[in-house]
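I opened the file today to look up one position and then the chain around it. My notes follow in the order I took them.

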Amino acid sequence: MANDPSILLADEPTGALDSKTGRMIMDIFHKLNREHGKTIILITHSGELAEETERIITMRDGVFIGERKGGML
């Protein structure tokens, strides 16, 4: 964040965290997006986390297989 990037890439950012800490991380991402206009690219295997996003792109074996709107909590 020191260089004020416009895009943040987060690869499984909550994967090894307990649910409370994972929630804190997602809340930070939502705040960065909402209040600072940051684009967050979130890679996850969790459908629940994906539903918190604006857009969901699905890949299988490195191939694009679909796109849809997320639930945006």
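I started with I43, which lies in strand β2, residues 39-43. I kept in mind that the model is predicted.

Next I looked up which residues I43 touches, leaving aside neighbours within four places in sequence. The contacts of I43 are L9, A10, D11, E12 and P13.

Then I turned to the chain as a whole. I counted 2 helices and 4 strands, and read along the sequence they follow the pattern β-α-β-α-β-β.

For overall dimensions, I noted that the C-alpha trace spans about 35 × 25 × 20 Å along its principal axes.

I looked up burial next: 23% of the 73 residues count as buried. The chain exposes about 5,700 Å², and carbon and sulfur atoms supply 55% of that area.

On contacts, I took those between residues at least 6 apart in sequence; 36% of them join residues at least 24 apart.

My last entry is on charge. The chain has 9 positive and 12 negative charges, and their mean positions are 4 Å apart.

Technical notes:
Residues are numbered from 1 along each chain as its sequence is written. This is a predicted model: local features need pLDDT of at least 70, side-chain atom pairs count only at pLDDT 80 or more; totals for chains, interfaces and linings use all residues. Side-chain values use heavy atoms; hydrogens and water are left out. Contact means heavy atoms within 4.5 Å. Buried means under 20% relative accessible area, exposed over 50%, partly exposed in between (1.4 Å probe, protein chains only). Accessible areas come from the Shrake-Rupley method with a 1.4 Å probe; for residues, only the protein chains shown count as cover. Lys and Arg count as positive and Asp and Glu as negative; His and the chain ends are not counted. The place of a charge is taken as NZ of Lys, CZ of Arg, CG of Asp or CD of Glu.
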